[in-house]
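This briefing concerns the protein shown below.

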Amino acid sequence: MKLVTWNINGIRTFKSGIKMALDSLDADIICVQETKVTRDLLDERTAIVDGYNSYFSYSRGRSGYSGVATYCRDSATPSAAEEGLTGLLTNHEGAVGCYGDHRDFSSEELQLLDNEGRAVITQHKIMGQDTEQTVTVINVYCPRADPDKPERKQFKLQFYKLLQCRAEALLKGGSHVIVLGDVNTSHQQIDHCDPRDIEDFAENPGRKWLNSFLYNSVQEEEEEEHHKKSETTDCVQMGKFIDIFRYFHPTRTNAFTCWSTLTGARQTNYGTRIDYIFADHRLAQEQFSGADIMPEVEGSDHCPVWAHLKCSLLPCSKPPPLCTRYLPEFAGKQQKLSRFLVKVDQKSKEALPGSQEEEEKRENMNPFCGDSKKRSSVSESAAPKGKKSKTTNTPSKPQGNLLSFFKPKLTDLKPCENTPGLDQFTSSHSKPKASATGELRSGTGGTTEHTELVVDAPSQLCTSSAAGETGSAVKAKQPASGLPEGQSDVKKGASSVFWKSVLHGPPPAPCCKVHREPCVLRTVRKDGPNMGKHFFVCGRPQGHTSNPEARCNFFMWVEKGK
């Protein structure tokens, strides 16, 4: 049995297709986070993948935000599945159960914690040590504590508390438990690229929660000592779960799963390890045979994490009701909108009377065909009687090109007596593209010299005028003000200086002091007095200060007006 967890930063990032991406991970249960898809945006290609059954949780407050999904191979079909941690989103028979004690949460708080689509739970049957056992997989995307929003810090801690409550309740109910996903907290200093830059690293509330949630040998020794000294007092509560990666790689450094894409930190491996696979310590010791990260897999700002178990999965014959293949829009049960708008005879299930479908097909095939008068009369009758509908007077002449307003005015060129056949010149509809400096040919084959044909109007104007007009006036390039050539050049120069001062581009990039390489321009996006200001920094990717290939500390504000 193989598990994979991956924060994919948007399920639409799978450009090669969702099935190819799932197959490349080669796992029985694949848990993805931050799908950024809501129920209305979920398409069939993503929801129903050949060879897999999927289970989604969506954000109910914001579109394109959060969301998790679990894809199980058909050979790993779960026996039960549900959305969320509280049980409030479960209204079907195939629920997992074991919700724990919620007395420390208000009903409104429970609703909000499950409202962002951050958890999907699937329950599976496994064959371990010649006995059939149950394992519950909790796929989570824990909230991020935004430093600018103190309420989100409390929300994150409450989510942790609810997650622990549910996981321990399932464990108490007799099931093995695996918690995996993006926890959004690096546990120890070894899991962070530069922990010294963080004040009170160990005092972070998220890390304190991880210490209470995870089981470790040091804690076990402390408990045994405490138990020997005083048998009458209650034991200090120990964590019941093990970090599987650290179980197999306790001292590995630079093993990160998340990097900043804005600073290019993945190139220098300047990141954090915040994606985990946790399992109850008994399951970890008996069944897990290996685990590792996959930094070579790109496509997101996170990388996948995998784990192997010795046990084999026992698939259920039928997916639980939460499976996406049972959704009405994918199960063929959804009715057409026309059935709600047209009175249907229930006795005869033939085509709709005066069927709208044929009209829609006809309009879609040839939308410009049909009686235009009928369309206009229908639109007029549809307008409210009490209101006057605005009517637009269509001009008799087509509008010119917008660029013509920025070019010098052209004066009509009167035909000269020594220019033969100019009055017989006509525009050819079959040759709409005319050279601006080409020769002007008359109907008799004569050629006018020293005359340039300037076409300022769009091609539609040329073709429409060519159809019915002959002997049109030819416009020649002349200075608009009639000034001598020298004065007009001076005027053009002054105009170009003015526009350059208004529409100037970004200032030239300076070179950083260490690498002597051009810097990159950045903009302050954070609220505050510097919001919107521009600055230059070293163009190299972010990295540790001891890494000479990483970004140096060069910084320079862009002066106002430059």
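In this predicted model, strand S2 and strand S4 (residues 68–73) are joined by 5 bridges and pair in the antiparallel sense. Strand S2 comprises residues 29–33, and its Ile 29 stands opposite Cys 72 in S4. The protein chain as a whole holds 14 helices and 22 strands.

**The open sheet**

- S2 and S4 belong to an open sheet of 6 strands, whose order is S3-S4-S2-S1-S14-S13 and whose pairing is mixed.
- The edges are formed by strand S3 (52–57) and strand S13 (288–293), each of which pairs on one side only.
- From one strand to the next, the twist averages 15°.
- Strands of a sheet pair through backbone hydrogen bonds, and the pairing may be parallel or antiparallel.

**Pairings within the sheet**

- Strand S1 (residues 2–7) runs parallel to S2, and 5 bridges join the two.
- Within this pairing, Val 4 has Ile 30 of S2 as its bridge partner.
- Between S1 and S2 the chain passes through helix H1 (residues 18–25), giving a right-handed β-α-β crossover.
- S13 and strand S14 (residues 305–309) run antiparallel and are connected by 5 bridges.
- In that pair, Asp 292 stands opposite Trp 306 of S14.

**Packing of helices H4 and H5**

- Two packed helices are described by the angle and the distance between their axes.
- The axes of helix H4 (residues 150–172) and helix H5 (residues 205–213) come within 10 Å and cross at roughly 5°.
- An angle under 35 degrees counts as roughly parallel, and H4 and H5 are therefore roughly parallel to each other.
- On the H4 side, the contact involves Lys 153, Leu 157, Tyr 160, Lys 161, Leu 163 and Gln 164; these meet Pro 205, Gly 206, Trp 209, Ser 212 and Phe 213 of H5.
- Classified by residue type, the contact of H4 with H5 has 6 nonpolar, 3 polar and 2 charged residues.

**The chain as a whole**

- The protein chain has 562 residues, of which 39% count as buried.
- Among contacts with a separation of 6 or more, 66% are between residues 24 or more positions apart.

How values were computed:
Residues are numbered from 1 along each chain as its sequence is written. This is a predicted model: local features need pLDDT of at least 70, side-chain atom pairs count only at pLDDT 80 or more; totals for chains, interfaces and linings use all residues. Side-chain values use heavy atoms; hydrogens and water are left out. Axes are lines fitted to C-alpha atoms, for helices over the stretch in contact, and angles run from 0 to 180 degrees between N-to-C directions. Helices (H or I, at least four residues) and strands (E, at least two) are DSSP runs, numbered from the N terminus. Angles under 35 degrees count as roughly parallel, over 145 as roughly antiparallel, 65 to 115 as roughly perpendicular and the rest as oblique. Contact means heavy atoms within 4.5 Å. Ala, Val, Leu, Ile, Met, Phe, Trp, Tyr, Cys and Pro count as nonpolar, Asp, Glu, Lys and Arg as charged, and the others, Gly among them, as polar. Buried means under 20% relative accessible area, exposed over 50%, partly exposed in between (1.4 Å probe, protein chains only). Two strands pair if DSSP finds at least two bridges between them. A crossover is right-handed if, with the strands pointing away from the viewer, the path from the first strand over the helix to the second runs clockwise.
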